[in-house]
Amino acid sequence: FTVVQGLYVYPVNSSVTKVQTIYNTDAVHSILCVVLGLLVAVAWAQKQPKGVQAPCDSPEAEKAALFSQDFLNAQHTHGYKYTLNQIDDFKIATRPDGVETYFIELELLETKCHVLDPTPVANCTVRTKAESAVEADCDVALSNAAGVLSVVAFKCGSEIETVDGCVGCINLLPLNHTDALIVTSASLASFNNQTGNATTSKFSLLEVGRLSSQVLAGGPRLFAEYAIVETNCTTDEDDNCVPLNNTVAKFGFCSAGGIGSDVSVHCDIFTPMVIFNAGINATAPTPVFLHQYHAASPQLSPVHGIKLHKLTAMHDPTVSNLLSAESESSEAMPPAAAIVKREAVADPILPEAPALLAPPKPLCPGRLIYF
């Protein structure tokens, strides 16, 4: 490269002025090499191939899908666990050092198990569309080094799935819906009053998971699902209750329904398993249990008008650039060929064609597990 020893500056309405600039050539060379290296690395990451198409129902794809499902659930510290519904696409790219990169597109469905529920996700019930199901479409990039999987990056989009024109179906309400939060508070008070004697701990609201409504024969009915945490108070005490430490507190999950203070409630109490497993992937953050979030002010919700707890939209801690801003599955289809009209001609008499073989089964998408 050439080091410029002089810089010519031409001020407006003035004569030409020459400004001598002296550079340290070694320093300039080092800086240019670093910048060039970064540019090449980013360009390589953005332009590297997305791999070879592989079967979505293969053992490798299903292993990667279930690993991704568990990793996504570990990242998701609010709301409900998600379970695999279908593998939409699966590609494998192999580096010169033999390490494989998996690119997998998943369709997940929300279950009825809260993230604090120790029930394995395989045993959790999936919501139906009549219950306003929630679907999450996720693109995940994984590294497979000698059979050891690790998630490099992922991105997810969550949306509500309903039945069109269904009058008696359940409709989601915003998590800060006033009347539904009254059902939440009244039902939790009812549960605390039912728990028995003075030695029983009182529970406080940890998080509102889901609020909904349904039109029934007797009129509209509101439903609330929420997580609760054990406090330092007993059921005979009402004020200044503080949630116990996560290591000793009991947790629970309640389902309630009714109108106003006329409610019914059922709560399951459990001690949650450890959600985060550093052995699975060291980049997964330790879940944060937000006691102060709802316990002190249950009328609040994360975002005004939000109806569900979505999966993390984007996760790429190493800035791998393996996942584009837009999903590959949304690429535009090529335009259809133009239709040319021709005059009709008599069909020629052809010999009977031999039986054609059935077209090969497409590699993707994979089998549908639920709906």
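**Strand pairing and backbone details**

Strand S3 (residues 52-53) runs antiparallel to S4, and two bridges join them; strands are DSSP runs of type E with at least two residues, numbered from the N terminus, and two strands pair if DSSP finds at least two bridges between them. This is a predicted model, in which local features need pLDDT of at least 70 and side-chain atom pairs count only at pLDDT 80 or more, while totals for chains, interfaces and linings use all residues. Residues are numbered from 1 along each chain as its sequence is written, and side-chain values use heavy atoms, with hydrogens and water left out.

- Strand S4 (residues 80-94) is mostly covered, since 13 of its 15 residues are buried, where buried means under 20% relative accessible area, exposed over 50%, and partly exposed in between (1.4 Å probe, protein chains only).
- Ile92 in S4 stands opposite Val52, and Ile92 also stands opposite Tyr102 in S5.
- S4 pairs with strand S5 (residues 100-114) in the antiparallel sense over twelve bridges.
- The hairpin of S4 and S5 has five residues between the strands, and in this hairpin Gly98 takes a positive phi near 95°.

**Backbone details elsewhere**

- Ser132, which lies in the loop between S5 and strand S6 (133-145), has a positive phi near 60° although it is a residue other than glycine, and Ser132 is buried, with a relative accessible area of 2%.
- Asn321, in the segment after S13, also has a positive phi near 60°, and Asn321 counts as partly exposed at 27% relative accessibility.
- Pro365 is found in the segment after S13, and the peptide bond from Cys364 to Pro365 is cis, with omega near 0°.

Methods:
Helices (H or I, at least four residues) and strands (E, at least two) are DSSP runs, numbered from the N terminus.
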